[in-house]
Amino acid sequence: MVMVFYGSKGKSNPVSMENRVDHQTKNQITYDIHLPSDLGILFKVRLGLQSLENSISQLSLHHFKIQNTSTLDTFSLTINKTLPLSLNEDRWIEFPIQWPLKEALSVVTYHLTVFSRNILSERNSLHMTACIYGTHGDTGDRSLLRPLQNVQHGEENESFLVTVDAVELGELDKIVLLISSKTDCKLSIKKLHVKEATKEHPIYVFEINGEFSVDANKPEIQRDIPRSFVIRGDKQKNDLDNNLNKDGSQARNVTEYTIKVYTGDKRGAGTDANVHIILFGSEDKSEVFQLSQSLEHQNPFERGKVDTFKIKTKKLGSLYSIEIGHDGKGFASGWFLEKVEITDASRNSVYCFYCNRSVDQSIITLYTLFSFPQELGV
């Protein structure tokens with residue numbers, strides 16, 4: 001059995017329960033686990049079997065309890081679920097952790113619809129997983145070829161629906177696909193749609209429009225798919241307009257942030273990829289913003305240049321970290337980021353986030369070392 005722990009500052013590597021048994025009775029096993037202190041406050045656990053090379057075919061889970069041995073804060077939850085452990089079924093469950101005086105997230109069923117051309121005809125030899133990422137973490141690798149729903153199969157186009165149960169992810173920003181096959185084949189995947197099962201909107205659209213040549217004798221294919229756009233319902237659009245309306249009653253909860261991005265002055269430092277950012281504050285976190293409209297340059301993120309972007313979002317409090325990354329698209333996608341400076345108009349403060357290293361397609365987290373009043377002009 002394996003567990004993955006999620007905290008306010010990151011997640012753990014998969015923690016194997018093998019050789020960690022502290023105490024065992026007939027129906028109860030206690031494990032002693034030492035987690036990295038830099039995870040922050042735990043808010044989610046994923047639990048399941050890492051390997052199928054196990055003599056049991058099912059894992060019945062009745063109750064889960066976790067205690068911080070330093071503070072003695074305790075969380076317990078009745079589960080009463082049995083995990084199916086076959087290759088093409090979901091072998092993981094996850095649930096939120098609620099600590100005293102802390103509000104827990106909810107468990108959500110997501111509908112992931114795959115639009116493709118020839119996956120269904122090859123599915124018996126394929127192994128495909130998707131990991132959905134959002135502002136509250138990720139789902140881990142979930143099988144896309146479990147028993148399918150809403151299957152539409154035509155000559156040129158097909159689609160099918162997969163359900164994923166996970167602790168709510170917040171705003172979705174990317175999906176990582178893993179594809180392997182027992183036989184050589186070619187696949188065509190057009191796009192992925194993800195939404196909560198109980199809601200019509202928002203629908204997160206991840207466009208791929210790609211051909212995959214899968215070789216049975218080569219390692220699995222991994223593809224990072226950034227979010228293309230979001231389809232929002234009329235009510236959500238109206239709510240967004242109201243938040244940004246300066247004459248509305250909610251305008252006091254919205255502020256403008258000025259983001260200055262410094263690209264390093266060295267060979268190959270610039271990038272043509274699409275850059276995105278998330279802001280984290282003492283009171284809240286922002287949605288994902290695409291940094292595309294520079295106030296200075298038509299082509300942002302060139303070598304030795306500074307690009308300024310303005311965004312409007314809810315007030316986040318004092319900023320302490322950002323997540324920034326890109327999708328790797330374009331001829332020259334490598335990027336050397338020097339630093340990011342963010343000005344909060346409502347608090348009259350400037351926050352500095354130093355990087356001084358290359359940024360690949362994965363998201364990196366930067367923490368501010370200090371902030372200073374805007375009028376100092378440092």
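**Reading cores, a loop glycine and cysteines**

Student: Which residues touch the most other members of the largest nonpolar core?

Tutor: Leu112, Ile119, Met128, Ile175, Leu177, Leu187 and Ile189 do, in a core of 33 residues. Keep in mind that this is a predicted model.

Student: What is methionine 128 in contact with, leaving aside neighbours within four places in sequence?

Tutor: Its contacts include Ile119, Leu187 and Ile189. Arg142, Ser143, Leu144, Leu145, Leu178 and Ile179 are also in contact with methionine 128.

Student: How many residues are in the second, separate core?

Tutor: That core has 25 residues, among them Ile277, Leu319, Tyr351 and Ile364.

Student: Now the loops. Where is glycine 170?

Tutor: Glycine 170 sits in the loop between strand 15 and strand 16. Buried means under 20% relative accessible area and exposed means over 50%. Glycine 170 has 32%, so it is partly exposed.

Student: Which residues does glycine 170 touch, not counting those up to four places away in sequence?

Tutor: Tyr110, Thr135, His136 and Tyr204. The C-alpha atom of glycine 170 is also 9.7 Å from that of leucine 105, 65 residues apart along the chain.

Student: Is cysteine 185 buried or exposed?

Tutor: Cysteine 185 has 9% relative accessibility, so it counts as buried. Cysteine 355 is buried too, with a relative accessible area of 8%.

Notes
Residues are numbered from 1 along each chain as its sequence is written. This is a predicted model: local features need pLDDT of at least 70, side-chain atom pairs count only at pLDDT 80 or more; totals for chains, interfaces and linings use all residues. Side-chain values use heavy atoms; hydrogens and water are left out. A nonpolar core is a set of buried Ala, Val, Leu, Ile, Met, Phe, Trp, Tyr and Cys residues joined through side-chain atoms within 4.5 Å. Buried means under 20% relative accessible area, exposed over 50%, partly exposed in between (1.4 Å probe, protein chains only). Contact means heavy atoms within 4.5 Å. Helices (H or I, at least four residues) and strands (E, at least two) are DSSP runs, numbered from the N terminus.
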